[in-house]
Each structure stands twice: as C-alpha cells, then as structure tokens.
Amino acid sequence: LAGVGAEVGAEVGAEARYPPIFEEAPRCSESTLEAVLAAGPEALLTGGPLLLRNATAGWAANAWDDAAIAAAVGETLVEMMAMPTTTHPTLDAAADALVEPARCSVYVADFLKLTGEAAEAVPFEAYLAQLNLLRLPPLLRGVCLSTALPPSSLSIANLWVGGALMKNGLHFDLYDNLLYQLRGTKRALLFPPADAKHLYYGAATIRRHGFDLAAGGVTNETTFDKVRHNVAKLNVFADDVASTHPAVARASPSLCEVRRGDALFLPRGWHHAVISTSRGARRNLAVNLWYAASASGQGQGLSALADMFQQEGCGAGAEGGAAGGGGKEEL
C-alpha cells in the first residue's frame, strides 16, 4: 500500500519548521487514493498513518475561497478561537496548566474579513476549529464522501479555517481520521500510541483565555475549563524541547507534509501536532472526517446523511457520487 514519503524541500519557511530533533525524523509513508481503494478499508486501518496524494479530485470544495464561503454561509454564527500567539495550547508553569484559546461568537463573513489578505493587523490570532459541516449544508455539498473507510462508521465532519500560520500542540483523538487539505499546507508531527510514555501525558488542567474586543481582544486572565487526558504537557515547537523534556529522544516520530489536494489518514490514538501555513494568500482550509471504524459502537450513523455530501463529479470510490458525472457543483 505505502511507499516512502518524499523529503520536505527547502521551500518550508522557518516559521513552519519543528525543532531539529523532529525535523530529522523520517517522512511518513504515502500512496494514492486508487491504491487504497483497491486494497480495501482493512488494509488502511491496519497499516498506520498514510499520506494520500491528489485525494480531492472532483471536489467542488477545491474552488472554495473567501468570497465563495462568505456567499454560502457568511451569515452563520460560529465559535471563533482567539489566542495571543500562533501556538496553542501554551504552558502556564505557575498554575501547572495548559492554556487554550478564548471562545467567542462571530459571523463567518466577519471572521473571513478579520483574517483575510486585506485584514488590518489585530493584537491576537484567530481561527475556526471543528465547525460541524452538518450545520453548513451549502459547504458539505462540496465534499465527496469516500469509501476508503466504511461510510457506515462516519461520526463527524468538520471544517477548519485559519490564516497564515497556526500551531496546534501534541494530542491524540479516539477516532480514525481522514484529513483533506484544501488550501495551504499542514505539517503533521506524528508519534505511535506506544510512545505515550515518552510524551509527558497526564491529567492536564485546562485553563482558557478570556476575550474582550473593547479591551483589545484576548485577555491575560484565564479561567478553569476542564481536565483533559489527551493533551501532552510539552511544547513540541520549542527549540529547546529536547533538553527540557529529554524523554522525547526515545520516541519514534515521523513527519508528514500535507499539501493542497492531499489527504492524511491518521489512525485513532496516534499522537499528533500540526503546523498550518499558507504562503502568499492568508488562508488555510481543511476538512476532516472522523470515523469510528476501529472502535465498535461509537459511530453516529452519519452515512445515513450521505445525500448531503457532493453527489456529482466525485472521483472513484465516492459514496453516492458518479465519477465524471455532471461536473462540479458550485457554491
């Protein structure tokens, strides 16, 4: 199924690089969607992370830009994440806590203006995370539902919208994940589940920034939010991480560069951190589908809503989509 991934070229900017201990890691394996479909879902589920090149062929979502998204769902009220830096969570050593972004409501159109190419500088960073695409039907109709994983195990469909740079710290999820990159690039740092003992997990107290636009945006005051067990208590982006957290040297990282049109399959339980960048245009767009394919009983039956996904023009192996059918559906 898999071949050895290509080396990341010199075009990666300094802001998108991990510390040397991780940049020197092997690149993740890669394949094609056609090969995955031929091998079947079981081969994908048992083979580890896999980068799939040219995985969004036929998607109407390939044409999404700020204007198209604003026209389709601009008046929808969503939750924006706002933080003082491009990295989250951050470590509050004094409180022995991890600090997550503030949450605040915003209309999609206003967020796009706030973070777009023509936006004026603001004293905080912002992005939209895990927007439920079932609440955004005009956008979901631009996404093809692949049969690379069993559609019956689909649990969640999310949209992620960022600006020029965002860094999401090390954590793991309990779903099998297919992440599709639509604009910009993601550089994903991965560790197998067995590496947990080297990655400084434990009960992590989560505090959250406040947000007051009249006072300039994100406030320094934080409040207790919850305790999480799936977030590592280290900053994998810090240049001195190998000396401050020496156990990471015993881990087995790999590094994947997910470019526009690619997909990354990430099995449940794999630890991952992500740097999202967009050189030139200030926009990073991704869709991810979470599946309960390797955990029985967790699926929410979203495959029953398959007709909400794109129906025409999808490539091979799309649920309900006719390859080469009636062409791309526009927003």
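Analyst: The protein chain holds seven helices and 18 strands, taken as DSSP runs numbered from the N terminus (helices H or I, at least four residues; strands E, at least two). Its radius of gyration is 19 Å, close to the 20 Å that the globule rule gives for 331 residues, so the chain is as compact as a globular protein of that length; the radius is taken over C-alpha atoms, and the rule is 2.2 Å times the number of residues to the power 0.38. This is a predicted model, in which local features need pLDDT of at least 70 and side-chain atom pairs count only at pLDDT 80 or more, while totals for chains, interfaces and linings use all residues. Residues are numbered from 1 along each chain as its sequence is written, and side-chain values use heavy atoms, without hydrogens and water.

The count of aromatic pairs is six, where rings of Phe, Tyr and Trp (its six-membered ring) pair if their centres lie within 6.5 Å, and planes under 30 degrees apart count as stacked, over 60 as edge-to-face and the rest as tilted. Tyr18 and Phe237 are stacked, because their ring centres are 5.7 Å apart and their planes at 25°. Tyr18 lies in the segment before helix 1 (20–23) and Phe237 in the loop between strand 14 (217–228) and helix 7 (241–244), 219 residues apart. Both Tyr18 and Phe237 are buried, meaning under 20% relative accessible area (1.4 Å probe, protein chains only).

Tyr175 and Trp290 are also stacked, at 5.5 Å centre to centre with 15° between the planes. Tyr175 sits in the loop between strand 10 (165–171) and strand 11 (176–183), and Trp290 in strand 18 (residues 284–291), 115 residues apart. Tyr175 counts as buried at 19% relative accessibility, as does Trp290 at 8%.

Conventions. Buried means under 20% relative accessible area, exposed over 50%, partly exposed in between (1.4 Å probe, protein chains only).
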